[in-house]
Amino acid sequence: FFSSNETIILPCDSKGIEKAVQLIRGGYPVGLPTETVYGLAADAFSGEAVARIYQAKGRPSFNPLIVHIAHIEQAAEIVEFNDEALSLAQKFWPGALTMVLPLKKDAKIASIVTAGLDTVAIRMPSHPVMRQVIKAFGHPLAAPSANKSGSISPTTALHVKESLNGKIAAVLDGGIADKGLESTIIYVGADEIKLLRPGPITSEELAQSSPLPITEYKADGQNPVAPGQLVSHYAPSQPVRLNISQKEADEWLIGFGDIAGDDNLSPSGDLTEAAAHLFSALHRGEKSAYPRIAIAPIPLEGIGKAINDRLGRAAAPRDEQNTSQR
Ligand code: TXA
Ligand code: MG
């Protein structure tokens, strides 16, 4: 399939979709659009195909992947739903909610997908192209974000190509990922919900839809339950400073609302718009000639919590353990 060592950007027509499915059938991971960020997808039943995802990303092997399905019956073959998980699935799927649930004994998921855990993270994406590919392929797809491990997540096909050029055969261009932040990840137990990663579905929305208490899981950095919780993550190559209203001369300022900046996540101060623009803005900052990046304060409410979570990781010190994830 590799005609050159350049990653091909496939147009999102029937031929492009067919080519993507063909590559996945052949065991080659392909960059695919989702409503959150672009994913690097492979057959979740094939350990060999999934190993190529880890290889292309340079991802630590202990970091498990999310399984993407197109309909609820596909999920029921893989995980044990409790009543609460089923009701949340009915409420939020298809969409940006990932649930960590017990793996069924006879599930065909390759063990490399879960990194040997007895749980699996699963979600039903809403992006029509992603859904079409899953349906055409017929099996669930394992897919992490389609970027080098530890770097900024991709919200366009070009971001994917720039991050993984030559390491994957192709990326299917489905336009801009409109949520712009990775899915919310929760663990759904019998008497509580644990928020493992904040995202587009806010804890307020979850609380409105579920009687269970929601606890925010804090990773200890050493033994990440959701290893996306590694402290340094989503990081541009330059150092990042947060909550800045007045930039210094050598800084590229990413503004918000009235703080204009060199770039602005949302001049009107809209948090959903800011989330959608966040990773593109970090990519632009990384490409700017400035040696440092500064970012305006983002309110800690609603999806602003997820934005601040990603920013905190982008700005975190990059020590031995964390830089080895990059
Ligand atoms: O929006 C998204 O979720 C995107 C798109 C492509 O769907 N995917 C994504 O995948 O963000 P990734 O691999 O970058 O993040 C997956 C997160 C990691 O933090 C991983 O540790 C966690 O999910 N995870 C996967 N399986 C898990 C499990 N069994 N228990 C706990 N956390 C798990
Ligand atoms: Mg990621």
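Predicted model: local features only at pLDDT ≥ 70, side-chain atom pairs only at ≥ 80, totals over all residues.
For context, most residues other than glycine have a negative phi. As for where Asn243 sits, look in the loop between β12 (240-241) and β13 (251-255).

## A cis proline

Next up is a peptide bond to check. The one running from Trp93 to Pro94 is cis, and its omega is near -5 degrees. Most peptide bonds are trans.

Pro94 itself belongs to a loop too, the one between α4 (83-92) and β5 (97-102).

## How α9 meets α10

Two packed helices are described by the angle between their axes and the distance between the axes. Here the pair is α9 (residues 271-287) and α10 (residues 304-315), whose axes come within 9 Å and cross at roughly 20 degrees. Because angles under 35 degrees count as roughly parallel, α9 is roughly parallel to α10. The crossing of α9 past α10 is left-handed.

Which residues make the contact? On the α9 side they are Leu271, Ala274, Ala275, Leu278 and Leu282. α10 contributes Gly304, Ala306, Ile307, Arg310 and Ala314. Sorted by class, the contact of α9 with α10 comes to eight nonpolar residues, one polar and one charged.

Technical notes. Residues numbered from 1 in each chain as written. Chains lettered and ligands numbered in written order. Axes fitted to C-alpha atoms, helices over the stretch in contact; angles between N-to-C directions. Helix = DSSP H or I, 4+ residues; strand = E, 2+ residues; numbered from the N terminus. Parallel < 35°, antiparallel > 145°, perpendicular 65-115°, else oblique. Left-handed = near helix turned anticlockwise from the far one by under 90°. Contact = placed C-beta atoms within 7 Å. Nonpolar A, V, L, I, M, F, W, Y, C, P; charged D, E, K, R; others polar.
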